[in-house]
Amino acid sequence: MGQRLKKYTLSILFIYISVFVALGSTSLDEQLKFPDRALQIFAIMLYLPFLLLILWKIASDLKCFRVTGFNILYYLFGAYYVLLTAYRFGTGAEVKEGFYYSVVLFGVLALYALITEQKLKLDHDMFRKNLLIIVSYFVAIKVIFTFIEGRLIGNPPVNNLYSTSLLVILLPFLIDTMRHGNTRRTKVSCVMLSLTVVMMLVCSSRAVVLLGLAVLAGLFLLYIKNWLVVKRVLVGVSAALVIVVVMTVLNVGVVRYSLVREFNSLSAVISLEDATATVPGEDRPLDPSDALEQINRSDTMRSDLMKTGLAEVWKNPIFGTGDLYYTYDLGYKTMEQTAHNFLIESIVCYGLVGTAMIALLLLAIFRQCGLFRKGSLKNWRVWLYIPMVTIYFFAFGMVQPSVFNTLVCPIFVVAVTYYGELLLPVQEREPKKLIRLLKSGKDS
């Protein structure tokens, strides 16, 4: 039993996080009316794995510290954050808002280190099994909520934008898995690709759809000479379009609502007389003018929040202020929101100094994965996976705080680690000097 748990550690981690993301969501709280104490417990349970990953890394490094650029930067950034927090605490500035961001970021970076240093042992086969389980799991819960959303609940408890982006980040993995013959895993990958495209079209915003289609087009071009992969991708995408059309005609879940709201394109599928898309959580139909109003309100909110965030940046651009949440009036209710932009939020949270450290940590990860080495160009497809998912991750982060998201940030780092393992296996990496800080403990 213990060995099976070790094999599926990553799968268990993402399933666990998604459960507490759902329990702490506004939509479930509105339906079930959780007491405040329960919501506090859900929040603690959500961030607990990231805290444990940080403690695991620190304990492992006390036994045997590996001198790498990444590790040095990790602890420098940690020391900087501790000093910054102590200064803010002493001056009465905001501390709590940046804490949640930092727990996720340091926890995810610790997860990367534990995997690459073989303290959390995952070979290629374990990686593939775990990633396929994660894709299947999120596709399954998204399919379920697509059927019931708008009828039983107003909004999905696991945010559609984040969960769809998680699937888009793993698109290269799904398509690469299709290369390896007519195995069960290949067939499952083809089905998951098809359902991922369906989820992109009916369970996300235009930004996610356009960025996801750009990733898909890029992957298609990478394999344009591999007819077997091209055929499977075409079959998967074609099946996805058929599913979307059928779901639209049958008015399943929020499909009509999504198409009207995001694309105002329902008339291209069925006549406008029959184009009844019910607003999730309400008993009134959504017409194109309502959809346009919602989209404009969403765009205006993001624009206003980013302007507020920029104003906060200029108060202290070097070290940041830590004030990440701003009150926004929707007209019918007020809510606390962030700037919905990773760059603004990073500078507000850590200042330009801390943001530069995050950028250097990312470069250190890329270098450890072999991205800047001449030999890695031989496997040029895998070499391009890392820039492809990175561009998507940060482009999506321009309209959502994905860098600090509890689901998207870990899957991004896990995906980059996996592609790095394919690009430059551990045994081919540069040897690392080891410094033993305690007599107890053994080299991994």
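Glu 345 is buried yet has no salt bridge; buried means under 20% relative accessible area with a 1.4 Å probe, protein chains only, and a salt bridge needs a side-chain nitrogen of Lys or Arg within 4 Å of a carboxyl oxygen of Asp or Glu. The nearest side chain of opposite charge is Arg 302, 9.5 Å away. I note that Lys and Arg count as positive, Asp and Glu as negative, with His and the chain ends not counted.

This is a predicted model, where local features need pLDDT of at least 70, side-chain atom pairs count only at pLDDT 80 or more, and totals for chains, interfaces and linings use all residues. Residues are numbered from 1 along each chain as its sequence is written, and side-chain values use heavy atoms, leaving out hydrogens and water.

Next, the surroundings. Glu 345 is found in helix α15; helices are DSSP runs of H or I, at least four residues, numbered from the N terminus. Beyond four places in sequence, I find that Glu 345 touches residues including Tyr 101, Thr 338 and Phe 404 (heavy atoms within 4.5 Å).

Then I turned to aromatic pairs. The whole structure has 27, counting Phe, Tyr and Trp (its six-membered ring) with centres within 6.5 Å; planes under 30 degrees apart are stacked, over 60 edge-to-face, the rest tilted. The rings of Phe 20 and Phe 42 have centres 6.4 Å apart and planes at 50 degrees, so I log the pair as tilted. Phe 20 lies in α2 and Phe 42 in α4, so the pair ties together parts 22 residues apart in sequence.

Last, I noted a cluster linked by ring pairs, with Tyr 101 and Phe 404 among its members.

How values were computed:
Helix = DSSP H or I, 4+ residues; strand = E, 2+ residues; numbered from the N terminus. Buried < 20%, exposed > 50% of the residue type's maximum accessible area, 1.4 Å probe, protein only.
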